[in-house]
Amino acid sequence: MTTRRAGGVLAALALTAVALPASPATAAAWTLRWNPTAPNETVAEAFEGIEDDRADSHPGVTHIYVSGNAYRFDMHTQDRDGSDRQRNEVKGMRTSSSSYLKILKNQTWRISYQMYIPDTLDATTSFTHIAQMKTPGSGAPLYTMSLPVSGGTPKINVRYWDEAEQTHEVGSTNLGPIQGKWLDTTFEFKAADSGYLRWTLKDGATTLVDRRMDDTDLWRGDDEYLRPKWGIYRSINSAGLQDTYLLIRNLRAFQLTGSGVTS
């Protein structure tokens with residue numbers, strides 16, 4: 001049983017299980033561990049931590065907030081998180097006022113949500129990340145969802161970062177046709193020294209990307225735990241940056257549980 005905060009009052013949320021294809025060797029199932037819904041949960045109630053203009057570069061402005069049934073991340077050209085970058089992000093998956101989920105070694109997870117990328121949130125020649133998987137400490141992410149310009153074409157892609165901080169593209173598609181739409185996206189991964197990462201991206205009933213990369217090192221020796229991040233994290237070293245925003249909603253995190261599953 002996992003406790004959730006709804007309307008400011010703690011409530012019980014029964015875990016649900018989605019059965020995997022039948023197998024005589026295992027009773028494993030995807031167990032729902034996290035499912036915040038705006039506006040029932042505020043930003044502070046849904047996420048482990050908030051990184052909203054940490055440098056106070058835009059005083060008096062809230063950049064991360066509930067907007068209708070979504071969580072909204074605003075970014076203005078004046079916002080700074082250091083001299084050369086901008087960051088308005090949330091991190092982690094909060095389950096109550098005093099606890100949050102930790103993705104531990106050898107666990108397998110599936111994190112899905114919907115996102116809306118407006119035409120003002122452009123691909124850039126330097127980095128623009130709109131989702132990451134990281135550890136609580138400093139260092140490179142384990143994977144990122146980014147908006148790069150590749151061969152002169154705006155793209156959305158997911159890259160895996162190895163221990164040497166070299167990046168490997170899991171999949172990509174053109175950004176232009178999917179801006180201004182609600183998209184469904186899922187990350188499925190095993191947090192292991194030799195794990196895997198699968199990314200899917202859908203525009204309604206159309207699957208735009210469904211790619212899996214095996215033998216990914218999604219656990220580093222000094223990792224305490226992993227946690228996802230969402231929001232806008234971008235370099236200012238690109239021309240034509242605009243005031244913009246990102247919307248996410250219908251967040252769900254499932255953990256693979258049951259007999260035969262290493263945890």
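Helices (H or I, at least four residues) and strands (E, at least two) are DSSP runs, numbered from the N terminus. This is a predicted model, in which local features need pLDDT of at least 70 and side-chain atom pairs count only at pLDDT 80 or more, while totals for chains, interfaces and linings use all residues. Residues are numbered from 1 along each chain as its sequence is written, and side-chain values use heavy atoms, with hydrogens and water left out.

**Cis peptide bond**

- A cis peptide bond runs from A38 to P39, with omega near 5°.
- P39 belongs to the loop between β4 (29-34) and α1 (43-46).

- D56 is not a glycine, yet its phi is positive, at about 55°.
- The loop between β5 (49-52) and β6 (64-67) holds D56.
- D56 has a relative accessible area of 51%, and it counts as exposed because the cut-offs are under 20% for buried, over 50% for exposed and in between for partly exposed (1.4 Å probe, protein chains only).
- D215, also a residue other than glycine, has a positive phi near 55°.
- D215 sits in strand β19 (residues 206-216) and is exposed, with a relative accessible area of 65%.

**Surroundings of G171**

- G171 is part of strand β16 (residues 167-174) and is buried, its relative accessible area being 3%.
- Leaving aside residues up to four places away in sequence, G171 is in contact (heavy atoms within 4.5 Å) with I156, N157, V158, W199, V209 and R211.
- R159 is 12 residues from G171 along the chain, and their C-alpha atoms are separated by 7.4 Å.
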